[in-house]
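Visitor: I would like to learn how to read the sheets, the core and the cavity of a protein model. Please take them one at a time.

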Amino acid sequence: MEKTFVSNVNEADWNKHTAERIALGANPDLRWCHLVDSTKDASHGLSVGCLVIPIDGKLPAHTHSPQEVYLIKSGSGLLLMPDGKTKPVSENDFVYIPSNEKHGLKNTGNKPLEVIWIFPTDCWKDVNYSYSDA
């Protein structure tokens, strides 16, 4: 059963990719935490987390079946889009990504790019990433 709760990025457990995910194309330099996720909280239907991309770092281009929303919390960069196109993103921008659309992020700023992601899934583990740059 779901319950109301408060989650704080500064108190979250931070993660890095496993060797298996890196072999599939994930960037080993990224770190993230889960803020709303059914594997840790009594929640349902949404998973939310925070991703940190270091200076000059990149979330490689990828696809997944659930749609997704990004909120750029801080920093600036480029949204990697289909057909090699890019779009600048910066603090307080929202990005909507349709189901199965190729996308990624590149940090082009002078500080870490922090992104809040939102999926319409119970947990982040339900999302299967397919990296197109691998």
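The dialogue below goes through sheets, then cores, then the cavity.

Guide: This is a predicted model, in which local features need pLDDT of at least 70 and side-chain atom pairs count only at pLDDT 80 or more, while totals for chains, interfaces and linings use all residues. Residues are numbered from 1 along each chain as its sequence is written, and side-chain values use heavy atoms, with hydrogens and water left out.

Visitor: How do I read a sheet, and in what order do the six strands stand in the open sheet?

Guide: Strands of a sheet pair through backbone hydrogen bonds, either parallel or antiparallel. Strands are DSSP runs (E, at least two residues), numbered from the N terminus, and two of them pair if DSSP finds at least two bridges between them. Here the six strands follow the order S1-S2-S3-S10-S5-S8, with antiparallel pairing. S1 (14-15) and S8 are the edge strands, each pairing on one side only. Within this sheet, five bridges link S2 (residues 31-36) to S3, and Arg31 stands opposite Val52 in S3.

Visitor: What is a nonpolar core, and how many residues has the largest one?

Guide: A core is a set of buried (under 20% relative accessible area, 1.4 Å probe, protein chains only) Ala, Val, Leu, Ile, Met, Phe, Trp, Tyr and Cys residues joined through side-chain atoms within 4.5 Å. The largest has 21 residues, and Leu51, Ile53 and Trp117 are among those with the most contacts inside it. S10 gives the most to this core, with four residues.

Visitor: How many cavities of 30 Å³ or more are there?

Guide: A cavity is a set of points, on a 1 Å grid over the protein atoms alone, where a 1.4 Å probe fits but cannot get out; lining residues have an atom within 4 Å of a point. The structure holds one of 30 Å³ or more. The largest cavity has about 140 Å³ of space, a volume being the space filled by probe spheres set on the points. It is lined by 15 residues, and among the closest to its centre are Leu51, Leu59 and Trp117. S10 gives the most to the lining, with three residues.

Terms used. 1 Å grid on protein atoms, 1.4 Å probe; cavity = no way out; pocket = protein on both sides within 12 Å on 5 of 7 lines; lining within 4 Å. Buried < 20%, exposed > 50% of the residue type's maximum accessible area, 1.4 Å probe, protein only.
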